[in-house]
Amino acid sequence: MINNKIVITDCDHPSVQIERDILEQRGFTVVLEQCRTEEDVIEKCRDAAGLINQYAPLTEKVFRELANCKVIVRYGVGVDNVDLEAASKYGIQVCNVPDYGVEEVSDHALAMTLALVRKINLLSNEVKRNNWDFQVAQPIRRLKDLTFGIVGLGRIGLATARKAIGMGWRVIGCDRNEVGPIDGVERVSFDELTAAADMISIHVPLTEDTHHLFNRDVFRRMKNTAVLVNTARGPIVDEEALLEALRNGEIAGAAIDVMESEPPVKDHPLFAFDNMIITPHAAWYSEESCRDLKRKAAEEAANVILGGSPRYPVNAVRRSGGAE
């Protein structure tokens, strides 16, 4: 007999009705919790057949206690709060939803880029201070003469490249994986990209290799007229190094949708800069992407528990056959 309990470990969305409707139609019981710690997950999810997860930590300590769990589906792309090796060890399939907000994140990255290069934030703030003077934003470069660099050529990186090419920019890109030729994108090394690009947009996952990928050395290598945009994961950028780079004029500005600690502390020092744009991890969001995320997460959880092959697996698990 199939264990029919699915727990949503935590969720900051206004409603989980889409997930409930999909899962209950397939015979599952849905329980919404707001787990914050390993102990919360163990206590609330011990008997679950599957979890849908947002931010709650899913570690080996947790998996050791989830004897009935077959699948974890994470709301979103990143799985840095999930110990994938431990999940595989305990036979738990981990999945994500990598394609729900591709257009939204790439749109957000480009919107931030345009705002930085055209110095929209600075000009708007000056007008609000009763200073009606375009000269405070000098110099502003002609966009079509600039080089746009993309770090990470996965789904979102490629969508961003497509739109940047449409802007008429020279587009360069680098990726840790070998990918084939991409029309309109000049493949370069990371070092070459950070030295040559006038605008850099980050689209890599957070891993041991990408943690603090953008550090003091990289900021010093960048043009002092360049801007950096991060819509990926906060810890990819060393915030202390970014703060130093802005103070010293080593780069012209930055825009981040993600931070090393979310939400950030009150009066974070990055808030003081007019050439710094910060949004609250909102790049993924549109009404359409939110619905897609919820639907796909629920469908994936049900599918795996019922014995189907996962659509978006992120770890390797030896399958034991169909449902019991």
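**Entry 1: an aromatic cluster**

I began with the aromatic rings and found that Y100, W284 and Y285 form one aromatic cluster. My rule for a pair: rings of Phe, Tyr and Trp (its six-membered ring) pair if their centres lie within 6.5 Å, and planes under 30 degrees apart count as stacked, over 60 as edge-to-face and the rest as tilted. By this rule I counted five aromatic pairs.

A note to myself on the source: this is a predicted model, where local features need pLDDT of at least 70 and side-chain atom pairs count only at pLDDT 80 or more, while totals for chains, interfaces and linings use all residues. Residues are numbered from 1 along each chain as its sequence is written, and side-chain values use heavy atoms, with hydrogens and water left out.

**Entry 2: two aromatic pairs**

How are the rings of F148 and W169 arranged? Their centres are 5.2 Å apart and their planes stand at 20 degrees, so I noted the pair as stacked. F148 sits in strand β6 and W169 in the loop between α7 and β7, 21 residues apart, so the pair links distant parts of the chain. I take helices (H or I, at least four residues) and strands (E, at least two) as DSSP runs, numbered from the N terminus.

Buried means under 20% relative accessible area, exposed over 50%, and partly exposed in between, with a 1.4 Å probe and protein chains only.

I then looked at F190 and F214, an edge-to-face pair with 5.5 Å from centre to centre and 80 degrees between the planes. F190 belongs to helix α8 (residues 190-196) and F214 to the loop between β9 and α9 (216-221), so this pair ties together parts that are 24 residues apart in sequence. F190 is buried at 19%, and F214 is buried at 0%.

**Entry 3: the sheets**

In what order do the strands of the five-stranded sheet run? I read β2-β1-β3-β4-β5, an open sheet with parallel pairing. Two strands pair if DSSP finds at least two bridges between them. The edge strands are β2 (29-32) and β5 (93-95), each pairing on one side only. The twist averages 15 degrees from one strand to the next; axes are lines fitted to C-alpha atoms, for helices over the stretch in contact, and angles run from 0 to 180 degrees between N-to-C directions. Helix α1 (residues 17-25) packs on this sheet and touches β1 (5-8), β2 and β3; contact means heavy atoms within 4.5 Å.

I also traced an open sheet of seven strands, in the order β8-β7-β6-β9-β10-β11-β12, again with parallel pairing. Its edge strands are β8 (185-187) and β12 (276-278), and here the twist averages 20 degrees from one strand to the next. Strands β6 (residues 147-151) and β7 (residues 170-174) pair over five bridges, and I150 has G173 as its bridge partner in β7. Helix α7 (residues 155-166) lies across β6, β7, β8 and β9 (199-202), at about 170 degrees to β6.

**Entry 4: backbone details**

Which peptide bonds did I find to be cis? One runs from Q138 to P139, with omega near 0 degrees, and another joins E262 and P263, with omega about -5 degrees. P263 lies in the loop between β11 (253-256) and β12. D267 is in the loop between β11 and β12 as well; its phi is positive, about 60 degrees, although it is not a glycine. D267 is exposed, at 62%.
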